Amino acid sequence: HADIGGATPGSMPPTSRTLADEGVLIDNLCLVKNGVFQDAALRTALTAGPYPVRNVEMNLADLRAQAAANAKGVTELRRIVAELSRKTVVAYMGYVQDHAEAATRRVIATLSSGTFTCPMDDGGTIKVTVTLDRQKASAIIDFTGTSAQRPTNFNAPAAICRAAVMYVFRTLIADEIPLNDGVLRPLKLIIPAGSMLHPQFPAAVVAGNVETSQTICDALYGALGVLAASQGTMNNFTFGNERHQYYETIAGGSGAGHGFDGAAAVQTHMTNSRLTDPEVLEWRYPVTVEEFSIRVGSGGAGKYNGGDGVVRRIRFHEPMTAAILSGRRSIRPFGLNGGGDALGGETSVTRVDGSVEALGATSETRVNSGDIVTVRTPGGGGYGAA
């Protein structure tokens, strides 16, 4: 959803301190009842509270589409069951997870135990210790030592941490398997309650999925010694007013590893979004994409070089609120095994009068017609001494 309310358009407020700052809170509200979409109840919920949604019709259209997609899934599952029998379908669901579990156990035999600590721009720290048991083909992933719940919005619910662990181990598996919970069966996760990876309500968490998840991935790869840091941020850029709301994540460099360079200008790890085409963006919003280029030289040097980040410049043609929610501005993406660190990111606003204002990792500002926001994203770390 492009906007679910919250203190800023796009629902990614850089300075949120509680969940209520980040959008409308909905707890167990029925979406579809007896086949009828609950338009009135949803409309009431979405427009209530201190920070209601800014375009309720768009939210309701998105929810209808999601409900329709679920209904299609139900139809297809029933079709398969009718064709193959429930017993067969359930059995094969089990086989898929068993196969994933076996693949994880095989890859554990090729890895080494380790500990890694990743500091973050907001002052938090992610620490992970990976202890492998080759005989049992299992592993303990222990996040003890990670910072306590933060006063910022970089807290990540435990489900985010679990998803990042699953992702990392899936990338280490060479077999072509569908992603499923079987990957996690050989892994025991220890996520201390009250830490920034297991926060308590009503902690702010808007940066947890988009930023802290990236740091979890880098810490895990670092502990296993297989990959230098990637850009480590999604560079969440939002802008809008009462008529327009827009949210994008911006690519950067990926980390290098043994035998390969990192890639330039790619979405890394927990990011899975694509940018709107410039022509469409400029048609639908009062902005111009002035530049979108590779930030040459921003990747870390090494025997294998890290990938370069990008430069993205957007000019505004009417007043709006613009915000950046990001990381790896003061803490640079690390190199591994003697490889060099990458350049950190930068965000700035060039005003109509030519003055340039630097923005922090988490900042919001008022832009006027003619102002340009420039985002320079981090590169990836290098691997091995050059």
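Cys118 is buried, with a relative accessibility of 1% (buried means under 20% relative accessible area, exposed over 50%, and partly exposed in between, with a 1.4 Å probe and protein chains only). The model is a predicted one, in which local features need pLDDT of at least 70 and side-chain atom pairs count only at pLDDT 80 or more, while totals for chains, interfaces and linings use all residues. Residues are numbered from 1 along each chain as its sequence is written, and side-chain values use heavy atoms, with hydrogens and water left out.

Cys118 belongs to strand β3 (residues 114-119). Helices (H or I, at least four residues) and strands (E, at least two) are DSSP runs, numbered from the N terminus. Not counting residues up to four places away in sequence, Cys118 touches Gly124, Thr125, Ile126, Thr215, Asp218, Ala219, Arg328 and Phe334, where contact means heavy atoms within 4.5 Å. From C-alpha to C-alpha, Cys118 and Leu224 are 13 Å apart in space and 106 residues apart in sequence.

Asn155 is also buried, at 0% relative accessibility. Asn155 is placed in the loop between β5 (138-142) and α4 (158-172). Neighbours within four places in sequence left aside, the contacts of Asn155 are Gln149, Arg150, Met196, Pro199, Ala203, Ala204, Val205 and Gly208. A distance of 7.8 Å separates the C-alpha atoms of Asn155 and Val206, which are 51 residues apart along the chain. Pro202 is found in the loop between β6 (187-190) and α5 (206-224), and a cis peptide bond with omega of about 5° joins Phe201 and Pro202.

The axes of α2 and α3 come within 6 Å and cross at roughly 115°. Axes are lines fitted to C-alpha atoms, for helices over the stretch in contact, and angles run from 0 to 180 degrees between N-to-C directions. The two helices α2 and α3 are therefore roughly perpendicular to each other (65 to 115 degrees; under 35 counts as roughly parallel, over 145 as roughly antiparallel and the rest as oblique). Leu77, Ile80, Val81 and Leu84 of α2 make the contact with Arg86, Thr88, Val89 and Met93 of α3. Ser85 is found in the loop between α2 (56-84) and α3 (86-108). Ser85 has a positive phi near 90° although this residue is not glycine, and Ser85 is partly exposed at 30% relative accessibility. A positive phi, of about 60°, is also present at Ser11, again not a glycine. Ser11 is found in the segment before β1 (32-33) and is buried, with a relative accessible area of 7%.

Seven aromatic pairs are present in the structure. Rings of Phe, Tyr and Trp (its six-membered ring) pair if their centres lie within 6.5 Å; planes under 30 degrees apart count as stacked, over 60 as edge-to-face and the rest as tilted. The ring centres of Phe239 and Tyr285 are 6.0 Å apart and the planes stand at 85°, so this pair is edge-to-face. Phe239 in strand β7 (residues 236-240) and Tyr285 in the loop between α6 (278-284) and β9 (287-295) are 46 residues apart, and the pair thus links distant parts of the chain. Both Phe239 and Tyr285 are buried. Ring pairs link Phe237, Phe239, Tyr246, Tyr285 and Phe316 into a cluster.
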